[in-house]
Amino acid sequence: MNAVYLLLLISIIPLVACKKDLNLYCGACKAIMHEVDYSIQQVDPNKKIDVGSFRVDPNGKTRTVQKSYARSESHLTGLLERVCSEISDNYVESKDPETGTKR
């Protein structure tokens with residue numbers, strides 16, 4: 001029974017000793033949101049996209065609405081994919097504390 005407590009204590013010690021670097025986590029989120037906001041502002045505000053149901057009702061009409069393309073789901077999905085790819089390629093780096101090499 002003492003061995004179980006010893007193993008439990010040994011497994012918890014690294015979790016308690018680790019401390020998150022809040023500047024790293026907050027910095028990554030801020031960089032992503034800055035890139036997303038900048039990219040949204042670059043889109044022409046007059047550009048519109050048709051959204052809604054493309055099903056045809058018995059009268060032969062569809063229910064669609066024009067919405068700003070900059071804030072549309074299709075644009076934001078593609079934008080987030082591109083921005084996250086750029087962020088992971090260009091911004092995310094860490095140094096090994098022991099050797100000082102970049103990973």
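Predicted model: local features only at pLDDT ≥ 70, side-chain atom pairs only at ≥ 80, totals over all residues.
First, the ground rules. Local features need pLDDT of at least 70 and side-chain atom pairs count only at pLDDT 80 or more, while totals for chains, interfaces and linings use all residues. Residues are numbered from 1 along each chain as its sequence is written, and side-chain values use heavy atoms, with hydrogens and water left out.

I'll start with Ala-70. Ala-70 sits in the loop that runs between strand S2 (63-68) and helix H3 (73-90); helices (H or I, at least four residues) and strands (E, at least two) are DSSP runs, numbered from the N terminus. Is Ala-70 buried or exposed? Its relative accessibility is 7%, so Ala-70 counts as buried. Buried means under 20% relative accessible area, exposed over 50%, and partly exposed in between, with a 1.4 Å probe and protein chains only.

Which residues does Ala-70 touch? Setting aside residues up to four places away in sequence, they are Ile-40, Val-43, His-75 and Leu-76, where contact means heavy atoms within 4.5 Å. As for Val-43, it is 27 residues from Ala-70 along the chain, and their C-alpha atoms are separated by 5.8 Å.

Next, Ser-72, which is also in the loop between S2 and H3. Ser-72 has 1% relative accessibility and therefore counts as buried. Not counting residues up to four places away in sequence, Ser-72 touches Ile-49 and Lys-67.

Last, Ser-39, in helix H2 (residues 22-41). Ser-39 is buried, because its relative accessible area is 11%. Leaving aside neighbours within four places in sequence, Ser-39 contacts Leu-79, Arg-82 and Val-83.
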